Amino acid sequence: LEDLETLRLFSRVIPEYCRNLDEAEILDNSFNLIFAFDEIVALGYRESVNLAQIRSFVEMDSHEEKVYNAVRETQMREAKNKMREKAKELQRQKLEAQKRGGKPTSSMGGMGSSGYGGQGGFSMGPMVGESTPAEPPKPAYTAPARKENKAMKLGGKTRDVDSFVDQLM
């Protein structure tokens, strides 16, 4: 008798979560069905629960899950804001380099400020408060003039930084 009641409860749970009794609908709601089946049978024995209790147990939210999701969302938001600020800073540095008449540098501008040091050939832009010389220093070595070649050039197409950052999100 207990096995028949268990089977009847199983048969009532499936239509509760799946409106159409087809394979795709069952597959879409598979986790909810498994959780409901777990509430019906525990360690091989039937639990004394009814359909309303099963529904409330399955729909319960975990406090830890809510906290985790909130922390994760905050971290993602902060990372996106940092990414936008860094992209704007790099765009500003590029524009300043173009205004000075030089080529835009390919330095890793913020590497030194994030605790990695300014070593390894990466140069930092002028820090706030430092005085910049009126005339940029001349390089000791000047490269010979090159012939125009038909190879692809990196950075040939310029994109707006904000649209690039928005595409990443």
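Mentor: A salt bridge is a side-chain nitrogen of Lys or Arg within 4 Å of a carboxyl oxygen of Asp or Glu. Areas are Shrake-Rupley with a 1.4 Å probe, and for residues only the protein chains shown count as cover. This is a predicted model, where local features need pLDDT of at least 70, side-chain atom pairs need 80 or more, and totals for chains, interfaces and linings use all residues. Numbering runs from 1 along each chain as its sequence is written, and side-chain values use heavy atoms, leaving out hydrogens and water.

Trainee: How much accessible area does the nonpolar patch on the surface have together?

Mentor: Look at Ile34, in helix H3 (residues 30–40); helices are DSSP runs of H or I, at least four residues, numbered from the N terminus. Ile34 forms the patch with Phe31 and Phe35, and together they have about 350 Å².

Trainee: Is threonine 6 buried or exposed?

Mentor: Buried means under 20% relative accessible area, exposed over 50%, and partly exposed in between (1.4 Å probe, protein chains only). Threonine 6 has 9% relative accessibility, so it is buried.

Trainee: Which side chain does threonine 6 join in a polar contact of 3.3 Å?

Mentor: Threonine 6 is in helix H1. Beyond residues up to four places away in sequence, threonine 6 touches Ile40, Val41 and Arg46, with contact meaning heavy atoms within 4.5 Å. A polar contact pairs N or O atoms within 3.5 Å; within protein, one must be able to donate a hydrogen and the other to accept it, and residues adjacent in sequence count only if both atoms are side-chain atoms. The partner is arginine 46.

Definitions and conventions
Patches are made of residues with over 30% relative accessible area and no salt bridge: like charges are joined within 9 Å, nonpolar side chains (Val, Leu, Ile, Met, Phe, Trp, Tyr) within 5 Å. Helices (H or I, at least four residues) and strands (E, at least two) are DSSP runs, numbered from the N terminus.
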